[in-house]
Amino acid sequence: MHQPELLCEVLRHLAVEDAREARKMFLQLLDSGGPALEHFLGHITAPGDGRLRQLVASAPRNPRDRERLAPHLIAWQEIETDEFTRRAIARALDGLDARSTGQTALALEVARLTTAIGREVAQREWLNRELEIAKEVQEHLFPQRLPFVPGLDYCGRCRSAREVGGDYYDFLDLPGGRLGVAIGDVSGKGIGAALMMASLEASLRSHASVCRDLAELMRRVNNLVLEASSASRYATLFFAEYDAGSRRFSYVNAGHNPPVILRKAGTACQVLRLETGGPVIGILQQSYEQASFVLEPGDLVILFTDGVSESMNARNEEWGEDRFIEFARTCHGLTAFEVMSRIMSAADAFAAGASQHDDMTLVVICVLD
């Protein structure tokens, strides 16, 4: 048993068997001061130590003793349930002048606040570390490699507004040389959105390779997400398959910002919006429909979340889809990575240093000649 615990045990026994000897022993400890006294006083805060607290409260011989004990006496007032001990503490504190009591109480409050702040800082550091781990895990959920598809140049990027987010994109290497392309946006932000994003990815990947009917695929994914998520959570989702042999781009859009196909038509640029599908997923059981395009050499396909098109500057003005698409028209002839980088840079330039308010995800597909 360590010295403070041993001292407590001895004084507990003496306080019952020989109060005079207990007081004498405590006064010797009080006169010696130092860590031993503080350790002892810090070890008699349990409900069963009321007799020892009464001994301490009754022991002071002069104002100096009471001032040394005042921080502990004030703290004990808040936890003491024994009426006799409360009275002894009150009498000891009455012996102090108002200024001394106030200074002692202030010092005690400062100590409490310092301890509370220290605990809060430690808790925040722990949470930040947990978020860093979650961020690392989520980053590995995004595509780590791009399946080779002849005649296609493509890439994607997600930039979260917080450590973790609810935006989602994916490239799936499907049977028959087909490429699956997905982009989604989960309602809300933070850990809750990230967990639903992971559930969405798992649901889509588990069914995309076995379900050729995209409308049926989206119906199944919707039902799975509906069962796994809370009523307040939902997601927009766009999923497409590209067949390199026929250049057919089939898709279904579940409430997502319509991706666009930018097609050169002489000196003009035709804009095709991919809107066919149905409502968002995760709210109600729904049916969906699919559509398809045959992509042409030189086509530029851009998928995005509203964090890109709704980039906001310090005056709360949005970049907007019209300006976003108008800028994308100028990107024909560039690689997919160059197009993606230029669009993200243009969104940042419009924001002009304003903080990012939403996750930003962009997928670019270039059909090669």
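Select L284 in this predicted model: L284 lies in the loop between β8 (277-278) and β9 (291-294), strands being DSSP runs of E, at least two residues, numbered from the N terminus. L284 is exposed, at a relative accessible area of 52%; exposed means over 50%, buried under 20%, and partly exposed in between (1.4 Å probe, protein chains only).

Residues are numbered from 1 along each chain as its sequence is written. Local features need pLDDT of at least 70, side-chain atom pairs count only at pLDDT 80 or more, and totals for chains, interfaces and linings use all residues, while side-chain values use heavy atoms, with hydrogens and water left out.

Next, select I281. Its contacts (heavy atoms within 4.5 Å) include L200, M218, Y234, L237 and Y288, leaving aside residues up to four places away in sequence. I281 is also listed with F239, F249 and I365 as having the most contacts inside the largest nonpolar core, which has 50 residues. A nonpolar core is a set of buried Ala, Val, Leu, Ile, Met, Phe, Trp, Tyr and Cys residues joined through side-chain atoms within 4.5 Å. A second, separate core of 28 residues includes F40, A59, I89 and A92.

Now select strand β11, residues 360-367. Eight of its eight residues are buried, so β11 is largely enclosed by the rest of the structure. M360, L362, V364 and C366 point one way, and T361, V363, I365 and V367 the other way.

Strands pair if DSSP finds at least two bridges between them. β1 (residues 152-159) pairs with β11 in the antiparallel sense over eight bridges, and C366 is the bridge partner of D153. β10 (residues 300-304) and β11 are also antiparallel, over five bridges, with F304 opposite L362.

Conventions: Helices (H or I, at least four residues) and strands (E, at least two) are DSSP runs, numbered from the N terminus.
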